[in-house]
Amino acid sequence: MAASTKNNLVIVESPAKAKTITKYLGPGYEVKASMGHVRDLPKSKIGVDVEQDFAVDYQPIKGKEDIISDLKKAAKKSGKVFLATDPDREGEAISWHLKELLDLPDDKTCRVTFNEITKKVVNESIAAPRQIDMDLVDAQQARRVLDRVVGYQISPFLWKKIKRGLSAGRVQSVATRLVCEREEEIKAFQTEEYWSLDALLERVKPNVGKFTAQFYGREKKQDIHSETEVNALMEEVKAGAFTVTEVKRQDRLRNPAPPFTTSTLQQEASRKLGMSPRRTMSIAQQLYEGVDITGEGTVGLITYMRTDSLRLSDEATAAAGRFIQSRYGKEYYPGKPRVYKARSGAQDAHEAIRPSNVELVPEDIKKDLTSEQFRLYKLIWSRFLACQMASAVYDSVSIEAMSSGYRFRATHAALKFSGYTAVYVEGKDEEDEEFQSPLPDLKEGEALTLKGLEPKQHFTQPPARYTEASLIKALEEKGIGRPSTYAPTISTIESREYVVKEGKYLRTTPLGETVNMVMKDKFPDIVDYTFTAQMEENLDQVEQGKEKWKELLHDFYGGFSKELERAEADAGERIKVPDEVSEEICPLCGRNLVFKSGRFGRFLACPGWPECSHTQPIVEQMPGKCPKCGGRLLKRTGTSRKNGRQYTYYACEKASGREEQRTCDFMTFDVPVEQTCPTCGHTMFKLSGRGAKKPFCINPDCANFLPEDKRGYYKKKEESDSAEKKPAAKKTAAKKTTAKKTTAKKTTTKKTTAKKTAKKS
């Protein structure tokens, strides 16, 4: 590239990214931010002429006139213009819009991308620019036009059919359908009874070594369906003698999870950090664009976070190997880099999400990060490091004992070598891990003494509702959406109140069910899983240059326009969305309150309006029962008078309402859990906060009662420490009283203040 006397202009999306890149490029380059898109389809109309070969009406975004003017001036006086927007379809489209809007000639336009914002990568990319990839741009245009046509043509139909303000979309409508169908599965689920049978066994000689074995069956696994069956089995088992028939000991390897993709990062951040997908991506963007680190300056901490690839660079895996061996020891490194294969259909355009520099240990830079940045960076850093570490080794023991021809099995696994678990363990959507006790050192043929049989009745459970994490997983498995769409899709269906979040679970609302019913009836292709997944593959074909984007639009619109015509012709009567009835009772008139929506979200209201105008905030019912009166336990929030912060507590349903209506005063900051105390049967509680907490019994009359001083309260210690220092603090405060009283001009008059000051003197 010929040298130029003029400064070169680099355009990125955000000021944070601009700040980081400025530091790496130095003099000769001016870096400016476009603040995202500068040109888009208009909001007031569809902006796509379907009759004129899908001509699009792109317009400068309102409110960005000053930014566009500044970029035009800077581009005009620059030698080269480097368009350094994000390395994906959306970023490519922003670069193309900038080129068009700023009227940049081809010989002046340079497209560069950074998979990670480090000095090495930034300078290498600037040294090897390319032209704008129009296949990527066309794929983005095709998606944008598809979504605009579907949204702007179906939404007005929904307004006429149901109510104003509703929306439809290719991906959001399918996501809503998934949640609705899971709710239908739950409602249609038929509970079935089944039993388990545990045998408490003990060695005969020496008389030590108790353990519990679970009933298996004879040659094959046998299910127990009723109390009659389990009683008959118990009689047969008691009549025989228990003998150890098989003992297996082996080392079981557990391999680490692969590095993060966009989907798995959002899932794990939801499980472990309680972050919504949208929040996860927002914080990840900050880490990618750069954070000020003491001694380092502004540093991009992670690679690009919109990816479906599991690929890692040789440089990154080599650095991880060196770090693992120096920090943990050679035995923690498997000897060569681990390579992970991406799922079929993945675009594999970028590396997996990883730290830009593995040497930047989260704890070492914690002081420079916000709490959310630290937690997410630690999650990404730990997962990457773990994926290159040795497998964990478990000492697995399996014992089979037999009596009267029936097999009972017991297993136990103890960690023998921690391997990657020293750094990271993957979370699960449903934690169902059973606690196991170590097994005695038994030998085949050894006789056992039966100390007791414990039958337990169980009932099959319906499938769990989706969480944000499991919904993203389901969308990915069905090929619906792409890394950049998961977070906005879930955010949209929640903001439209098609689904609501209760705890960590997503539940459909009557509005969501009504919209889904209409969409399935009138627009079956739009909400069809296979059709939507195929459309994503077609967009990938456009990106690869194998299909023309307007041909794709024509193929889609032919069938869609016919569906729309049929829907309009057969619209029928307007559908009334039924009220969603709660279990809460109106304290004024006794009716069941219903859910309503307002400016500040959902709330409960009396259906008897205007005769009754009672409203109240929504409360969440918790598992278990009130230990004082047996009533329902509700999750409530309050506001501290001291600092204005919100806090959560749990109270009996009978502890609210008017004073004369309160018949119970139970309230606690501990979280009620589903388990009941095995001794007294009362609901158990656990400490609030994240992480695994052991449930405890709060019944003082129970043998299992755990006193407050043994529950692990952190704040109790702080309070006692501050209490010891209080006398000294009072003396200091007394000296400052006059000054405080004198400056309180907003609450007292000058005359009163003067009198009080004199009195104190």
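Two strands count as a pair when DSSP finds at least two bridges between them. With that in hand, welcome to this predicted model. Strand 9 and strand 16 meet that rule with 11 bridges, running in the antiparallel sense. The tour below goes from strands to helices, and then to aromatic rings and the charges over them.

**Strands side by side**

- Strand 9 covers residues 193-203, and its antiparallel partner, strand 16, covers residues 447-459.

**Two helices packed together**

- Helix 15 (residues 529-543) packs against helix 16 with the axes 10 Å apart and an angle of about 160 degrees between them.
- Angles over 145 degrees count as roughly antiparallel, so helix 15 and helix 16 are roughly antiparallel to each other.
- The crossing of helix 15 and helix 16 is right-handed.

**Aromatic rings that pair up**

- The model holds 16 aromatic pairs.
- One of them joins Tyr288 and Tyr304 in an edge-to-face arrangement, with 5.3 Å from centre to centre and 65 degrees between the planes.
- Tyr288 belongs to helix 9 (residues 277-289), while Tyr304 sits in the loop between strand 13 (297-299) and helix 10 (314-327), so this pair ties together parts 16 residues apart in sequence.
- Tyr288 and Tyr304 are both buried.
- Phe556 and Phe560 form a stacked pair, with centres 5.3 Å apart and 15 degrees between the planes.
- Phe556 and Phe560 are four residues apart in helix 16 (residues 549-569), so about one helical turn separates them.
- Like the two tyrosines, which are buried, Phe556 and Phe560 are both buried.
- Phe556 and Phe560 also belong to a cluster linked by ring pairs, together with Phe54, Phe157, Phe523, Phe531 and Tyr557.

**Charges over rings**

- Lys366 lies over the face of Phe374, 4.8 Å from the ring centre.
- Lys478 places its charged end over the ring of Tyr529, at 4.7 Å from the centre of that ring.

Notes:
Residues are numbered from 1 along each chain as its sequence is written. This is a predicted model: local features need pLDDT of at least 70, side-chain atom pairs count only at pLDDT 80 or more; totals for chains, interfaces and linings use all residues. Side-chain values use heavy atoms; hydrogens and water are left out. Rings of Phe, Tyr and Trp (its six-membered ring) pair if their centres lie within 6.5 Å; planes under 30 degrees apart count as stacked, over 60 as edge-to-face and the rest as tilted. Buried means under 20% relative accessible area, exposed over 50%, partly exposed in between (1.4 Å probe, protein chains only). A charge sits over a ring if NZ of Lys or CZ of Arg is within 6 Å of the ring centre and within 35 degrees of the ring normal. Axes are lines fitted to C-alpha atoms, for helices over the stretch in contact, and angles run from 0 to 180 degrees between N-to-C directions. Angles under 35 degrees count as roughly parallel, over 145 as roughly antiparallel, 65 to 115 as roughly perpendicular and the rest as oblique. A crossing is left-handed if the near helix is turned anticlockwise from the far one by less than a right angle, and right-handed if clockwise.
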